Amino acid sequence: MDNTSLKERRIGWVVVLTAITMVVEIFFGLISGSMALFADGIHMGSHVLAIGLSWIAYIFVRKSKQSKSFSGDSDKILSLSGYTSGLLLLIFAVFIIVKAIERFINPIEIHYKEAILVAILGLGVNVLSAFLLHHKQEHSDHNIRAACLHVLADAIPSVSAIIGLLAAMIWNLIFVDAIAAIISSFVIIKWSIGLLKESGLSLLDMKNKTDKHHSH
């Protein structure tokens, strides 16, 4: 099995795992009446779409390599997918900030035990997904890096949610959950800008000055 096929298979497993977790979170969010769980399930769904985009990119690359009529640079497909995923990450981060501010202004009752359990489940899935996606060529392959960033971007809110929910439950400080979400979003924004910059330079056949430095 070649490198692209291996990445395609691994990222396919991550899509399936993330999709299952999304369904579980949305289901328990509706059953428990917890909007926090339901919103997290919708957030997980956005990552299913983004990681699914990376999966489709590898399928296109594999098909293009097998096609005699395709004469373009298949690596550009991976860079384009990485760039698109970077944009999606940025949009999701801004969306989380808006929702967190709304929650800060108008706090709602949180079903702490259910929310913490599902956040732990989501974190476990993200750890497993990161293990599946970890690759030696991650830095040079913008597509697999984008998928990894989406997994890590999803793990950060899970960790923040666990800490925030525990603090809110113990000390009755509901606003801590919203603050944790905002902090997580700023980290995600920083990652997405870095991914947009690197994949954008690759699409334009340009090199980062720091990369030139390292090559000498």
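**Entry 1: the whole chain**

I began with surface area: the protein chain exposes about 12,000 Å², and carbon and sulfur atoms supply 70% of it. Accessible areas here come from the Shrake-Rupley method with a 1.4 Å probe, and for residues only the protein chains shown count as cover.

I noted that this is a predicted model, where local features need pLDDT of at least 70, side-chain atom pairs count only at pLDDT 80 or more, and totals for chains, interfaces and linings use all residues. Residues are numbered from 1 along each chain as its sequence is written, and side-chain values use heavy atoms, with hydrogens and water left out.

Next I listed the elements, and found seven helices and zero strands in the protein chain. From the N terminus on, they run α-α-α-α-α-α-α. Helices (H or I, at least four residues) and strands (E, at least two) are DSSP runs, numbered from the N terminus.

Of the 216 residues, 44% are buried. Buried means under 20% relative accessible area, exposed over 50%, and partly exposed in between (1.4 Å probe, protein chains only).

I also checked contacts, meaning heavy atoms within 4.5 Å. Among those with a separation of 6 or more, residues 24 or more positions apart account for 80%.

**Entry 2: confidence**

I looked up pLDDT, the predictor's confidence in each residue, from 0 to 100. Its mean over the protein chain is 76, and 79% of the residues reach 70 or more.

Which helix has the lowest confidence, and which the highest? Helix α7 (residues 209-215) is lowest, at a mean of 45, while α4 is highest, at 83. Over residues 209-216 pLDDT stays under 50, and the model has one contact beyond four places in sequence for them. Where pLDDT is low, the predicted coordinates should not be read in detail.

**Entry 3: helix lengths**

I compared end-to-end spans with the expected span, which is 1.5 Å times one less than the number of residues. Helix α4 (residues 112-133) has 22 residues and should span 32 Å; its end C-alpha atoms are 31 Å apart, which agrees. For the 29 residues of α6, the distance from first C-alpha to last is 42 Å, close to the 42 Å expected. After α6 comes D205, and I noted its positive phi, near 55°.

**Entry 4: inside residues**

What does T18 touch beyond its neighbours within four places in sequence? I found M44, V48, I51, V125 and S129. T18 is found in helix α1 (residues 3-32), and it counts as buried because its relative accessibility is 5%.

V125 and S129 turned up again when I listed the buried residues of α4, which also include N126. N126 has 5% relative accessibility, so it counts as buried. Not counting residues up to four places away in sequence, N126 touches V151, D154, A155 and S158. N126 and S158 are 32 residues apart in sequence, with 9.0 Å between their C-alpha atoms.

**Entry 5: along helix α3**

I97 is in helix α3 and is buried, with a relative accessible area of 15%. I97 touches S185, F186 and I189, leaving out residues up to four places away in sequence.

R103 and I174 are 71 residues apart in sequence and 9.1 Å apart in space, C-alpha to C-alpha.

How many salt bridges does the structure hold? I found one, counting a side-chain nitrogen of Lys or Arg within 4 Å of a carboxyl oxygen of Asp or Glu. K99 and E102 make this bridge through their side chains (3.6 Å, N to O). They are three residues apart in helix α3, so about one helical turn separates them. K99 is partly exposed at 40% relative accessible area, and E102 is partly exposed at 41%.

The elements giving it two or more residues are α3 (74-105), α5 (142-171) and α6 (175-203). I101, from helix α3, is partly exposed at 40% relative accessibility.
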